[in-house]
Amino acid sequence: MVIFIQLMILFSIILFLMGQNKRAAKIFVISMLITMFLFPKNSIEAAKNGFNLWIYVVTPSLFPFFILNDIVISLEIPDSISKLFKNYFKKLLNTSGYGAYVFIMSIFTGYPTGAKIVAQLISEKKISSYEGQKILNFASTSGPLFVIGAVGIGMFNNIKVGYILFISHILGAIINGLVLNNILYPKSNVAESCWLYKDKNTNRNFLTKSILNSLTTTGIIGGYIIFFSVLIELIYKLNIFNKIEWLLDLFLNKSLSKSIILALQGAIEITNGCNLISKSNIPFFLKILISTFIISFSGISIIMQVFSITYEEKISIKAYVISKISHSIFSVLVALLMLNFISIDSETFMVEPNIPYFISLFPLLEILLITILILNVIYFIKINILGEKY
């Protein structure tokens, strides 16, 4: 039966490559349903693990930032940040200053915060869908809590690796925005009237509205995490990756074929992918490069979360996926450049297991609030003391 299901999945992949997406999806879903019946205990255990990951890790990490963002937008604080950065972002990244606010929030909080804020700004008519697409080219990133804390310190047990991953990831995002927004998207004037739009009911019960919106988004993210936890477990039970690796070994050397398999596993879900990479026996520099690639790509799980959040705002998921691939390439190039100047191995800057060294949520929240406060103070000084006009 397992061999039959493996052949079904192989056939669905062939159909997908031939462009018959609906038929491929049907066959793949049917094969996964059969696998769930064959391995019910594993499916339930994977669902529990996904639920625990969502409740105890993801929700505490994202929910406070989601509420903060909704409150900040309700108070129109991003408007002043937008006006402060509009000239710089228009020249460099071909967007309005709202791109600065999304970028700041994204690099502090991680996936899929950038997509959520873009969707909210579009729904409130502060930016267009076209501009939202451009902003996501550089402002859909992971955050230090995951990259430095979970991956660098938690998985690699090496803080230096965490910093290399995070710096290359962020610089890759900026380069991605500079290249894509100035080459693929023609220069356009951002409508100043967007700043004039104001919903009279915005400030009424804004805290309740912020909590409800944040709960809805967090719930959607949880659903995808649980679904992909089960999906990944079923794929492992079918030994799909082992079969693919065996085929690759016929044509490639073992280290390269193993690297490709790890990249494929990470392309589904980055947390599990990074953990597998850190424990693998491939060369250490390859571990860093592959981790850099999949963190910037974000994984199918997060891409589907972004799709669900931005669907009603007419964000093209195809353009977003292309953007994430180019982001991954640029990040790998930056990481490769850094590794040429920085000597690193598995023993460098090791974090002692008995030392509770981690990137904490609340200092990040405090730094973010201070950053927003400083930017608004600068805007206030420029407007009210220096007399500058925006």
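I began with Ala173 and listed its contacts (heavy atoms within 4.5 Å): leaving aside its neighbours within four places in sequence, Ala173 is in contact with Asn137, Phe138, Thr141 and His327. Before going further I noted that this is a predicted model, in which local features need pLDDT of at least 70 and side-chain atom pairs count only at pLDDT 80 or more, while totals for chains, interfaces and linings use all residues. I also noted that residues are numbered from 1 along each chain as its sequence is written, and that side-chain values use heavy atoms, with hydrogens and water left out.

I placed Ala173 in helix 9, where helices (H or I, at least four residues) and strands (E, at least two) are DSSP runs numbered from the N terminus. Ala173 has a relative accessible area of 0% and is therefore buried, on a scale where buried means under 20% relative accessible area, exposed means over 50%, and partly exposed lies in between (1.4 Å probe, protein chains only). I then checked a pair from C-alpha to C-alpha, and found Ala173 and Leu136 to be 37 residues apart in sequence and 9.4 Å apart in space.

Turning to Asn137, I found it in the loop between helix 7 (129-136) and helix 8 (144-155), and with a relative accessible area of 3% Asn137 counts as buried. Not counting residues up to four places away in sequence, Asn137 touches Ala173, Asn176, Gly177, Leu180, Asn181, Tyr185 and Ser323. With one of these, Asn181, the side chain of Asn137 makes a polar contact of 2.7 Å; the term stands for a pair of N or O atoms within 3.5 Å, of which, within protein, one must be able to donate a hydrogen and the other to accept it, and residues adjacent in sequence count only if both atoms are side-chain atoms.

**Nonpolar patch**

I next looked up the surface and recorded a nonpolar patch formed by Tyr88, Leu92, Tyr163, Ile167, Leu171, Ile174, Ile175 and Leu178, with about 680 Å² of accessible area together. The elements that give two or more residues to the patch are helix 4 (77-92) and helix 9 (159-183), and helix 9 gives the most, with 6 residues. Patches are made of residues with over 30% relative accessible area and no salt bridge, with like charges joined within 9 Å and nonpolar side chains (Val, Leu, Ile, Met, Phe, Trp, Tyr) within 5 Å; a salt bridge is a side-chain nitrogen of Lys or Arg within 4 Å of a carboxyl oxygen of Asp or Glu. The areas come from the Shrake-Rupley method with a 1.4 Å probe, and for residues only the protein chains shown count as cover.

**Backbone entries**

I looked for backbone exceptions because most residues other than glycine have a negative phi, and most peptide bonds are trans. The peptide bond from Tyr111 to Pro112 is cis, with omega near -10°, and Pro112 sits in the loop between helix 5 (98-109) and helix 6 (113-123).

Asn239, although not a glycine, has a positive phi of about 55°; I found it in the loop between helix 10 (206-237) and helix 11 (240-249), partly exposed at 35% relative accessible area. Ser298, again not a glycine, has a positive phi of about 85° and lies in the loop between helix 14 (284-297) and helix 15 (300-310), where Ser298 counts as buried at 1% relative accessibility.
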